Amino acid sequence: MEVRKRYFQVSEELLELLDPAMPSIDARLQAVAAALPELAVAAAAKAIAEWGRPASDITHLVVSTSSGAQMPGVDVRVASLLGLSPTVRRTMIYFQACAGGADALRVAKDAAENNRGAGGRVLVVCADVLSVMAFHAPDDDEARRPEGIVAHALFGDGAGAVVVGAGPCWDPVFEMVSAAQTTIPGTERFVTGDFSAAGVGYNLAPLEVPVLVGDNIERCLATALDPLGLPSGAGAGAGGWNSLFWVVHPGSSTIMNSYEKSSPAGAPEAGRQPPGPTVIFVLDEVVRRRRQDGGEGGVLVGLRPGFTAEVIALRSLATPL
């Protein structure tokens, strides 16, 4: 896995906030409040256009972000800019980091299935502009503990969106068969983010987290994948997990290597990852490949502070070209 592109939501005004000792949280939050809705709406409008029905047909809106801290949330502005119905049922998900996309899809699955008879149609939007919240020059603390620099290199800005439904709403690409969330006990101190006067700072536990993933991911995957009826583990042969397609938030190369203990999971070459939307970007790439190559079962995985794994079992409904 390699980083080829970095996407920044950085203005000349933000460049004035490089000094990590300078109080800048107010200016950063204002910048997020201005940039985040436009980014989210651009992704949402594309998803609605691909769906092929009017935005007013959306019954639920789920918005996930780890950027900003305003009331009302960005969901209100997104609904207004998209022209959604005033009766659309909105849900905001904050600070789920790299599992923000998986969390939002799980919530959308529940909402759609609970409103199957009423034709529930859920718009999921994940957007982040973490460059605004965390961008600053290296300081003495980062020279001693370089996680902040690593986070700046890995995590960036972007937005993704999908439409989720249950019943005969449209021609679906994937079915979310099951969803599971597993928290590894005693791991609350691993991977943290804290607001300060200078923005957001990170502790990524770069040595501990890959070990946690390698030791626990197979158990986390099994909880969600059992409904597919596949033999468990990477050693189960061609009919087991090795036959799945994988939609994984890559995180870093060390995280991806940890998956190999239980699976052949891989990911496309990664750009600079916005924590929440990345799984939607990978899902979009998988859709393109499934339409070419076919394939039935799959798994979507997001990891977040807690330390928690969000896993969704997928079944491809796309017809190979």
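Reader: What separates Arg106 and Asp103 in helix H4?

Author: In this predicted model, the two residues are 3 apart in helix H4, which means that about one helical turn lies between Arg106 and Asp103.

Reader: What makes the meeting of the side chains of Arg106 and Asp103 a salt bridge?

Author: The N to O distance for Arg106 and Asp103 is 3.4 Å. A salt bridge requires a side-chain nitrogen of Lys or Arg within 4 Å of a carboxyl oxygen of Asp or Glu, so the pair qualifies.

Reader: Why is Asp103 called buried, and why is Arg106 called partly exposed?

Author: Asp103 has a relative accessible area of 2%, and Arg106 has one of 21%. Buried means under 20% and exposed means over 50%; therefore Asp103 is buried, whereas Arg106 is partly exposed.

Reader: How do you know that Asp103 forms a salt bridge with Arg304?

Author: The closest N and O atoms of Asp103 and Arg304 are 3.1 Å apart, and the cut-off is 4 Å. Asp103 belongs to helix H4 and Arg304 to strand S9 (residues 297-304), so this pair ties together parts that are 201 residues apart in sequence. Both Asp103 and Arg304 are buried. Through shared partners, salt bridges join Asp103, Arg106, Arg304 and Glu310 into one network.

Reader: How many aromatic pairs does a search of the whole structure find, and why is the pair of Phe95 and Phe195 called edge-to-face?

Author: The search finds 3 aromatic pairs. In one of them, the centres of Phe95 and Phe195 are 5.6 Å apart and the planes make an angle of 85°. Phe95 lies in the loop between strand S2 (89-94) and helix H4 (100-114), and Phe195 in strand S6 (residues 192-196), so the pair ties together parts 100 residues apart in sequence. Phe95, at 39% relative accessibility, counts as partly exposed, as does Phe195 at 41%.

Reader: Why is the pair of Phe174 and Phe245 called tilted?

Author: Phe174 and Phe245 are 5.4 Å apart, centre to centre, with 40° between the planes. Phe174 in strand S5 (residues 174-183) and Phe245 in strand S8 (residues 245-248) are 71 residues apart, and both are buried.

Reader: Which residues form one aromatic cluster?

Author: Tyr94, Phe95 and Phe195 form this cluster.

Reader: How do you know that Thr187 is buried, and which residues does Thr187 touch?

Author: Thr187 has a relative accessible area of 2%, and the limit for buried is under 20%. Thr187 is found in the loop between S5 and S6. Not counting residues up to four places away in sequence, Thr187 touches Leu212, Gly306 and Phe307. The side chain of Thr187 reaches the backbone nitrogen of Phe307 at 2.5 Å, and a polar atom of that side chain lies 2.5 Å from the backbone oxygen of Ile184.

Reader: Where does pLDDT stay under 50?

Author: This holds over residues 264-272, for which the model has 36 contacts beyond four places in sequence. The protein chain averages a pLDDT of 80, and 78% of the residues score at least 70.

Technical notes. Residues are numbered from 1 along each chain as its sequence is written. Side-chain values use heavy atoms; hydrogens and water are left out. Rings of Phe, Tyr and Trp (its six-membered ring) pair if their centres lie within 6.5 Å; planes under 30 degrees apart count as stacked, over 60 as edge-to-face and the rest as tilted. Helices (H or I, at least four residues) and strands (E, at least two) are DSSP runs, numbered from the N terminus. Buried means under 20% relative accessible area, exposed over 50%, partly exposed in between (1.4 Å probe, protein chains only). pLDDT is the predictor's confidence in each residue, from 0 to 100. Contact means heavy atoms within 4.5 Å. A polar contact is a pair of N or O atoms within 3.5 Å; within protein, one must be able to donate a hydrogen and the other to accept it, and residues adjacent in sequence count only if both atoms are side-chain atoms.
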